[in-house]
Amino acid sequence: MSKKTANMKVVEGSYAVAHAVMCCRPDVISAYPITPQTHIVENLSQMVANGELDSEFLTVDSEFSALSVLVGASACGGRSYSSTTSQGLALMNEVLYNVSGMRLPVVMNVANRALGAPLNIWNDQQDSIGARDVGWLQIYVENVQEAVDATLQAYKIAEDAQIRTPIMVCMDGFILTHVYEPVELLDKEMAKEFLPAYQPPAILDPANPKTFGAFADPSTYTEFRYQQFEAQLKALTKIELVAREFEETFGRYYGGLLESYFVEDAEIVIVTLGSVIGTIKDAIDAMRSEGKKVGLVKVRSYRPFPAQALRKALKDASVIAVVEKDVTIGCEAGLVTDLKAAFYNSNIRTPIIGFAAGLGGRDITVKDISKIVAKAEAARKGIESEFEFLDLRTEIL
Amino acid sequence: MAIKAGSLVDPCSTRMTKTGAWRTFVPVFDQEKCIKCSLCEIYCPEGCIHQEEGRFVPDLDYCKGCSVCANECPRMAITMVLEEK
């Protein structure tokens, strides 16, 4: 245990993630600075300048270019890294599909932030939830330590010969990127042992020319999409395996696809993603001491969507309340609609209600969680509102 | 032939995609009017017009029938004709 805690330091979340990226030894890093991601790539740039990290760091004119650079770098066989957020992720959209379609195992930290308009630099998860269909895997983390650990795990999952799919490690902007907390920084040697060098199945090489992402007409296009779909389903097993393997080496485990907290006997179960989980766990501890049977399911892997694991974890709940920092304008929100879809053809008929909360950086407090639990309690007798904006300030409307 | 993940292929893969099936109008060359200026060959966006025994001819496996050659021909020696099968 002493060895495992030897590297514990109080650092900023962004530094901790940059340090984790350094331990993954990327050949190429390309990024464009954008709040609240800036400190991550600033730290990496410093590490390269200091000679601590032997990577090509490419500064570019936009996020579109940043990810385009990595298409080339990854196709040439280089381990590739970027980080972005919000408008930057939106600008990358076209390239996101190319990276996943070419099956390039790029890893990217998304420092989750709201999208404009109206302009807002604070945290919510609209950016990455909005990118749920781009073919990337998505892991959402609860705290800085998990962000560090998930970044190392991400390369191992992405580069697996059966998966070969890029990953976004999504961490709440400011709340996790700018917080200082005690973090066990990764040990370089242990990380190297855990994550060996990338072995690409084919590379761009003038001596042996290949085309990546070649034209596919209607007679083959469907099959390429099917292959990507299958690879994501295989990742359901791989994510859990890698999480367990990580636990064996580093002694930390956060659940693979999801984590359950007081779910066994819970009547009301909250389902959510990201850093709000800490607050919810505190709220649950308090409610449990009052005898309220409330539990939590934390969704770590949003893509692939762990439908089967969620059905298993939630089968005994009397009511499910989904809390998420995104909204699908015109149809509820991402997680709640996916969860309902996962349940529809099963024999589980638990009422599911959804809440958009914490949009544009509004705090989600313990009081808010109590409000959600009260609404969930009421929904047991019949759903009044299937989806609502939590804490809506009607007085300014 | 089995596909490779990521649409990974060897060079010259576009040769396998015969885009001629996309065509509605086919260019018909009047060899009497042709002055061999080669503008049709230069402008063809598919690069599918070539010389055979001194005559310019389109490769109908790849010609999409876009009419650029007919538009560029200074002698109006190329006519686009509705192709019915």
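Mentor: In chain A, 24 residues of domain 1 are in contact with 21 residues of domain 2. This is a predicted model, where local features need pLDDT of at least 70, side-chain atom pairs count only at pLDDT 80 or more, and totals for chains, interfaces and linings use all residues. Residues are numbered from 1 along each chain as its sequence is written, with chains lettered from A and ligands numbered from 1 in the order in which they are written.

Trainee: What makes two residues count as "in contact"?

Mentor: Their C-beta atoms, placed from the backbone, lie within 7 Å.

Trainee: Where do the domains of chain A run?

Mentor: Domain 1 covers 8-250 and domain 2 covers 258-396; such bounds come from an automatic or database domain assignment. Their C-alpha centres lie 28 Å apart.

Trainee: Why are H11(A) and H12(A) called roughly perpendicular?

Mentor: Helix H11 (residues 307-314) and helix H12 (residues 334-344) of chain A pack at about 80°, their axes 10 Å apart. The label needs 65 to 115 degrees, with axes fitted to C-alpha atoms over the stretch in contact and angles running from 0 to 180 degrees between N-to-C directions. H11(A) and H12(A) are therefore roughly perpendicular.

Trainee: Which residues meet there, in H11(A) and H12(A)?

Mentor: A:Ala307, A:Leu310 and A:Arg311 of H11(A) meet A:Leu339, A:Ala342 and A:Phe343 of H12(A). That contact of H11(A) with H12(A) has five nonpolar residues, no polar and one charged. Nonpolar covers Ala, Val, Leu, Ile, Met, Phe, Trp, Tyr, Cys and Pro; charged covers Asp, Glu, Lys and Arg; the others, Gly among them, are polar.

Technical notes: Helix = DSSP H or I, 4+ residues; strand = E, 2+ residues; numbered from the N terminus. Parallel < 35°, antiparallel > 145°, perpendicular 65-115°, else oblique.
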